[in-house]
Amino acid sequence: MLVPFHKILNDAYAGHYAVGAFNCLSVEHVIGAIQAAEELRSPIILQLAEVQFPCAPIEMMAPVYLEAAAKATVPVAVHLDHGQSLETCVKAIKLGFNSVMFDGANLPFDENVSQTAQIVRIARAAGVDVEAELGKVGDTGFGGEGTGEATPDVFTDVEESAAFIEKTGVDALAIAIGNLHGRYVATPKLNIERLKEIAQRNNLPLVLHGGSGTSEEDFKSCIHNGISKINVATALQMAVTDAVRRYVTECPGANYIDMKEVITAATCESVKQHILLFESDGKA
């Protein structure tokens, strides 16, 4: 069932668990993700980032997401991840996404506030929720590698977070606490104390981007200290790639139809692992 983004996140915030937001780039991804959520009775978020539009056009993926959400027996939100402009956010809203993320983290603070607030006003009129980002979550590049290091000057500032939330009216805030997008060659070092300070200062669900490679201990610390949504992209892509590689290597008669089933099964297994890690199983 298609459920408002804010409802899914507010329930997670109150229940001290996190909901996985999975970047699904194909029908097989979507089928596998929903299957995992239904098996474990977990809410789930299907999302697509603007940088992924070239390989998964939003106009084509939107009907797939929305149909899967409508038929699912668990709560599902359909979310634009890392929208880079007002135009992209409006496009997603028109296509039926029930939440959008505007990523103005690289803008000066006042400009980020101004553009985010404008998008919130537009989204509210359409009954759509908004996530924003403050602080700089680094990027190893989708498919690139990072060292796991982040400098303190890119962390989300506690007082700025409170001012940003008050001035924009966002439903969720993605924060930077040492997390990076992409594939790590070392385990990232998250600043859990900064997370605690931000969570204590604000009564709002917080979001962790760049979760791939994070230690189980840090995941648990994040979940129990205010993180209500965790993005999963690279880890899902890696799981599917590894499964396809094994299939092609081990099965001389590999064919396309069976490969699609391998992708669906690998997606399902990866999503289930994350649902259990995020403690959202049984919360649907």
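Which helix lies across β5 and β8? Helix α6 does, and the views below build up to it. This is a predicted model: local features need pLDDT of at least 70, side-chain atom pairs count only at pLDDT 80 or more, and totals for chains, interfaces and linings use all residues. Residues are numbered from 1 along each chain as its sequence is written, and side-chain values use heavy atoms, with hydrogens and water left out.

**View 1. Eight strands form a closed barrel.** The order is β1-β2-β3-β4-β5-β8-β11-β12, with parallel pairing. From one strand to the next, the twist averages 25°. Angles run from 0 to 180 degrees between N-to-C directions, and axes are lines fitted to C-alpha atoms, for helices over the stretch in contact. Helices (H or I, at least four residues) and strands (E, at least two) are DSSP runs, numbered from the N terminus. Two strands pair if DSSP finds at least two bridges between them.

**View 2. Strand β3 is enclosed.** Eight of the eight residues of β3 (residues 76-83) are buried, so the strand is largely enclosed by the rest of the structure. Buried means under 20% relative accessible area, exposed over 50%, and partly exposed in between (1.4 Å probe, protein chains only). Strand β2 (residues 44-49) runs parallel to β3, joined by six bridges. Helix α3 (residues 58-71) carries the chain from β2 to β3 in a right-handed β-α-β crossover. Right-handed means that, with the strands pointing away from the viewer, the path from the first strand over the helix to the second runs clockwise. Two bridge partners can be picked out: Leu 46 with Val 78, and Gln 47 with His 79.

**View 3. On its β4 side, β3 pairs again.** Three bridges join β3 to β4 (residues 99-102), and the two strands run parallel. His 79 stands opposite Ser 99. With helix α4 (residues 86-94), β3 and β4 make a right-handed β-α-β unit.

**View 4. Helix α6 covers β5 and β8.** The helix spans residues 158-168 and runs at about 155° to β5 (129-134); β8 is 172-175. Its buried residues are Val 158, Ser 161, Ala 162, Phe 164, Ile 165 and Thr 168. They cover an arc of only 165° around the axis, which puts them on the same side of α6. The arc is that of the directions from the helix axis to the C-beta atoms. Glu 166 and Lys 167 are exposed on the other side. The buried residues pack against α5 (109-125), β5, β8 and α7 (192-201). Contact means heavy atoms within 4.5 Å.

**View 5. Helix α8 packs on the sheet.** This helix (residues 216-223) touches β11 (206-208) and β12 (227-232). Its direction makes about 140° with that of β12. Cys 222 is buried, with a relative accessible area of 0%.

**View 6. Strand β12 pairs with β1 and β11.** Six of the six residues of β12 are buried, so the strand is largely enclosed by the rest of the structure. Four parallel bridges link β12 to β1 (residues 19-23). There, Phe 22 stands opposite Val 232. Three parallel bridges link β12 to β11. There, Leu 208 stands opposite Ile 230.

**View 7. The structure has zero disulfides.** A disulfide is a pair of cysteine sulfur atoms within 2.5 Å. Cys 268 is buried, with a relative accessible area of 6%.
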